[in-house]
Structures are given as C-alpha cells and as structure tokens.
Amino acid sequence: MSREALATMRPLVERDHLTERTYEAIRAAVLSGDLPPGTPLSVPELARRLEVSRSPVREAVQRLVHEHLATAVTHSGAVVSRMDGEELRSLYVVREMLEGLAARLATEVTDQAGLDALADILSEHESLFEAEDGGDTGARHIELDTRFHRAIRDLAGNHHLSGILESIVDRSHSAMHTLWGGDEQARIALDEHRRIVAAIRSGDPAAAEEAARDHIVKLGIRLRRTSAP
C-alpha cells in the first residue's frame with residue numbers, strides 16, 4: 001500500500017466505538033419492540049438515557065432512517081417506522097423468492113454439520129413449549145425463528161442474499177411481535193420449519209425451495225392478519 005493511500009486513513013478513536021455502540025443499542029431496542037412503532041426517537045432523551053452526548057445518537061437515528069427502521073418527520077425528528085399491510089405484503093413477496101433461493105442453495109452445499117445445526121435449533125424450539133419458567137416466550141420464539149432462517153442463509157453461503165434478507169426481516173420487525181403472542185402460531189411455524197429441514201436433509205433442492213417459499217407465503221398471511229387494525 002502506498003504512502004499516499006495510507007494518508008487517507010484516520011486513526012481509530014474512542015468516539016468511533018461509542019457511535020457504533022449507541023447505534024447498536026437503539027437499533028436493538030427498536031427490533032426487540034422496546035421502542036415500538038410510532039415512538040419518537042428524541043435525540044436529547046435517548047442521549048440522556050444512554051448517558052452519551054447527542055452527536056452519536058443523532059448519527060444512530062440517521063442510520064435507522066436510512067435502513068427504514070425509522071421515519072423522518074418534518075420539524076419533529078424521527079419516529080420508529082410503522083409497517084402497514086400493503087408494505088408488509090410487498091416485502092413478503094420478495095422474501096418468499098429469496099428464502100426459497102437460500103434453501104435451495106443450502107441444500108446444494110450443506111454437510112452433516114449444517115444439518116445438525118438446523119436440527120439443534122428445531123430441538124431448542126420444541127423444548128420451549130415444555131418450559132414452565134413463565135418468561136417472555138414470545139421473544140424467545142422470535143429469537144429462535146430468526147436463528148433458524150439465518151442459519152439457512154449462512155449455509156447457503158451468499159452474503160449478498162443474506163444482506164438483503166436481513167434488511168427485509170428487520171423492516172417487518174413490528175409485525176413479528178404481534179404474531180408471536182402465544183404458542184399456536186409458533187407451533188405452526190415450527191411444523192413448517194421441520195418440513196424445510198426434511199427437504200434439505202433429503203438432498204432435493206427443488207423441494208427445499210418449495211417448502212421455504214410455502215412457509216414464507218403462509219407466514220406473510222398470518223402476519224398481515226394479526227397486524228390488521
């Protein structure tokens with residue numbers, strides 16, 4: 001690397017890490033539902049709660065707007081984005097195609113270790129129905145559902161595909177929290193996950209793609225129904 005090229009680089013400073021941590025904290029609160037749709041993202045208030053200056057908070061909010069997780073409001077800053085039924089439908093049309101592709105690619109390349117990893121997630125999800133700890137099972141269902149789909153994308157090995165799908169899932173976060181309020185919907189999703197894994201295990205890419213697409217179509221329908229006013 002030339003001296004001229006090196007001259008364009010700047011030292012890492014503590015502020016860089018603080019900005020990223022601030023962004024991650026606010027983003028996590030949005031995705032978890034702690035900051036639900038419509039919540040104003042007040043820079044002064046967030047800075048006070050996180051005990052940081054306003055600058056990293058302002059940058060974090062701008063990033064969330066860019067990612068469509070927040071919506072800029074004229075003269076009012078930004079609020080956590082809402083997801084209406086039509087936008088959710090549009091997102092899930094795209095997600096259907098891409099999750100199907102991920103399952104196809106995963107089937108073509110996965111090994112026994114990959115299959116075991118998917119089976120472990122299914123087992124963990126099954127055991128959640130037997131738990132009696134009284135915790136927030138809705139949040140755990142979302143976590144395990146997210147892990148399952150991410151595992152398939154990881155097995156597929158296409159980072160472009162993974163990046164697009166992560167964005168779609170993030171943008172539909174608010175609808176996910178309305179769906180996983182009880183065990184019934186989680187059991188339906190788990191059965192559909194089992195069919196996807198069975199198809200991947202059989203070594204049939206077309207069957208895996210079909211099972212994944214069918215799951216996303218049905219999931220989108222359930223999400224729109226539970227999110228309807």
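A charge is taken to sit over a ring if NZ of Lys or CZ of Arg is within 6 Å of the ring centre and within 35 degrees of the ring normal. In this predicted model, Arg187 meets that description, lying over the face of Phe129 at 4.1 Å from the ring centre. A further case involves Arg63, whose charged end sits over the ring of Tyr23, 3.5 Å from the centre of that ring. Pairs of aromatic rings, by contrast, number zero in the structure.

The protein has 11 helices and two strands, and from the N terminus on its elements follow the order α-α-α-α-β-β-α-α-α-α-α-α-α. Of its 229 residues, 39% count as buried. Among the contacts with a separation of 6 or more, 74% are made by residues 24 or more positions apart.

Strand β1 (residues 70-73) and strand β2 (residues 77-80) run antiparallel and are joined by four bridges. Within this arrangement, Ala72 has Ala78 of β2 as its bridge partner. Three residues lie between the strands of the hairpin, where His75 takes a positive phi near 65°. Another histidine, His68, has a positive phi of about 70° although it is not a glycine. His68 belongs to the loop between α4 and β1, and its relative accessibility of 46% makes it partly exposed.

For Tyr92, the contacts beyond its neighbours within four places in sequence are with Ser172, Met176, Ile216, Leu219, Gly220 and Leu223.

Helix α3 (residues 43-50) shows how burial can be arranged around a helix. Its residues Val43, Leu46 and Ala47 are buried. Seen down the axis of α3, the buried residues fall within an arc of 100°, and they therefore line one face of the helix. Arg48 and Arg49, on the other side of α3, are exposed. Located in helix α3, Ala47 has a relative accessible area of 5% and so counts as buried, the cut-off for burial being under 20%. Once neighbours within four places in sequence are left aside, Ala47 is in contact with Val52, Ser53, Arg54 and Val57. Along the chain, Ala47 and Val57 are 10 residues apart, while their C-alpha atoms are 6.2 Å apart in space.

Glu51 is found between α3 and α4 (54-66), and it has a positive phi of about 55° although it is not a glycine. With a relative accessible area of 72%, Glu51 is exposed, since the cut-off for exposure is over 50%.

At 5% relative accessibility, Leu41 counts as buried. Not counting residues up to four places away in sequence, Leu41 touches Leu35, Leu46, Val61, Leu64, Ala70, Ala78, Val79 and Val80. This list includes Ala78, the residue already described as the bridge partner of Ala72.

Asp170 is found in helix α8 and is buried, with a relative accessible area of 14%. Not counting residues up to four places away in sequence, Asp170 touches Arg27, Leu31 and Leu69.

Note on methods: Residues are numbered from 1 along each chain as its sequence is written. This is a predicted model: local features need pLDDT of at least 70, side-chain atom pairs count only at pLDDT 80 or more; totals for chains, interfaces and linings use all residues. Side-chain values use heavy atoms; hydrogens and water are left out. Two strands pair if DSSP finds at least two bridges between them. Rings of Phe, Tyr and Trp (its six-membered ring) pair if their centres lie within 6.5 Å; planes under 30 degrees apart count as stacked, over 60 as edge-to-face and the rest as tilted. Contact means heavy atoms within 4.5 Å. Buried means under 20% relative accessible area, exposed over 50%, partly exposed in between (1.4 Å probe, protein chains only). The arc is that of the directions from the helix axis to the C-beta atoms.
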